[in-house]
Amino acid sequence: MDALAGLLDGPRARGAFLLRMVMEPPWSVRIEDRAPICLMSMTRGEAWIVPESGPPVLARPGDIVVARGPDPYTVAHARDAEPFARIGPGGVCTTLRGEPLAESMDLGVRTWGNAADGSATMLVGTYLMEGEISGRLLDALPPLLVLTAEEWNCSVMPLLDEEISRDEPGQSVVLDRLLDLLLIAVLRAWFNRPGADAPAWYRAMGDPVVGPALRLLQNDPAHPWTVAALAAKCGVSRAGLARRFGELVGEPPMAYLTGWRLALAADLLRESDATVEAIARQVGYGGAFALSAAFKRVRGVSPQEHRTNCRNGKGIPGSEEAGGRVEP
């Protein structure tokens with residue numbers, strides 16, 4: 001398992017929000033959905049993406065912009081255009097006064113806008129839920145990530161453009177997987193740019209000592225790892241591995257393993273009905289008590305409290321009533 005595969009394996013898109021937005025100036029939409037990641041790509045025309053803080057970005061055909069939540073931003077025909085619509089959590093679309101807009105701006109299957117033949121067309125793919133494993137990934141991204149058409153070329157984009165307005169059985173799953181492929185392609189291109197400031201864990205994967213150690217920890221977190229056992233598997237000394245791992249990753253091997261185990265556990269608690277005991281053994285703890293103690297110490301809540309909070313929608317984007325939702 002490589003760096004991106006490990007970090008994206010848990011938080012795959014599930015029921016992601018995808019649509020084709022078609023607009024004719026003047027137009028401006030305020031995005032306040034608090035989604036962890038949104039990918040936007042122009043297929044026709046231009047659009048400004050204006051963050052809450054930081055410089056605005058002009059997106060042209062073939063460019064892709066990734067907005068990292070939860071901070072709001074505006075997408076518009078002009079950088080200073082006043083918004084006429086707001087997209088809230090769960091894709092709820094209203095005027096700034098709260099009046100529903102989804103029906104009046106419906107242009108067909110997963111297509112939304114103010115003009116069917118508008119001069120600007122943007123594909124939008126939004127991850128509505130933040131998987132716990134993606135924390136390291138999100139922390140490594142700027143508020144707005146931009147790849148121009150000259151900087152990258154991805155065969156997934158034309159396919160997504162073709163598939164997004166189809167209405168066939170299982171289409172939502174097809175689109176989820178295409179969004180995952182697109183995100184991986186974007187991140188790979190971003191981190192591999194000349195002079196890119198890639199995160200430590202990404203660079204470390206290419207190290208002949210630390211890379212194998214990281215893959216061992218990610219692939220088999222339930223194994224009773226020690227630094228000595230890990231070093232033996234990697235063919236280096238214990239002291240050498242500990243020193244090199246700390247230098248490149250920024251934390252000791254066992255601290256990294258603890259964070260990885262707890263992230264896996266957090267996802268399993270949210271997404272499955274397995275008992276805390278079963279999850280504990282699956283991620284490398286001796287039982288429910290050991291997992292609960294570590295979980296409470298690091299995250300401030302017990303595993304059961306975490307599960308309850310997730311299912312009650314506390315702090316989870318998209319948990320609000322979906323009245324007026326722009327249907328994907």
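**The largest cavity and its surroundings**

Of the 17 residues that line the largest cavity, Phe17, Leu19, Ile31, Ile87 and Val124 lie nearest its centre. A cavity here is a set of points, on a 1 Å grid over the protein atoms alone, where a 1.4 Å probe fits but cannot get out, and lining residues have an atom within 4 Å of a point. The space inside comes to about 180 Å³, where volume means the space filled by probe spheres set on the points, with grid points joined across faces, edges and corners. A search of the whole structure turns up 4 cavities of 30 Å³ or more.

Before going further, please keep in mind that this is a predicted model: local features need pLDDT of at least 70 and side-chain atom pairs count only at pLDDT 80 or more, while totals for chains, interfaces and linings use all residues. Residues are numbered from 1 along each chain as its sequence is written, and side-chain values use heavy atoms, with hydrogens and water left out.

Which strands supply at least two residues each to the lining? They are strand E1 (17-23), E2, strand E3 (37-44), E7 and strand E11 (120-127). Strands (E, at least two residues) and helices (H or I, at least four) are DSSP runs numbered from the N terminus.

Let's start with E1, where 7 of 7 residues are buried, meaning under 20% relative accessible area with a 1.4 Å probe and protein chains only (over 50% is exposed, and in between is partly exposed). In a regular strand, side chains alternate between the two faces of the sheet. In E1 both faces are covered: Phe17, Leu19, Met21 and Met23 are buried on one side, and Leu18, Arg20 and Val22 on the other.

E1 also has partners. It runs antiparallel to E11, with 7 bridges joining them, and parallel to strand E10 (residues 111-113), with 3 bridges; two strands count as paired if DSSP finds at least two bridges between them. Met21 takes part in both pairings, standing opposite Met122 in E11 and having Trp112 as its bridge partner in E10.

Now step along to Thr121, which sits in strand E11. Why is Thr121 classed as buried? Because its relative accessibility is 6%. Leaving aside residues up to four places away in sequence, Thr121 touches Arg20, Met21, Val22, Ser41, Met42, Thr43 and Arg44, a contact being heavy atoms within 4.5 Å.

Strand E2 (residues 28-31) and strand E7 (residues 73-76) are antiparallel over 4 bridges, and Arg30 has Thr74 as its bridge partner in E7.

Among contacts with a separation of 6 or more, 73% are between residues 24 or more positions apart.

How values were computed
On a 1 Å grid over the protein atoms alone, a cavity is a set of points where a 1.4 Å probe fits but cannot get out, and a pocket is an open set with protein on both sides within 12 Å along at least five of seven lines; lining residues have an atom within 4 Å of a point.
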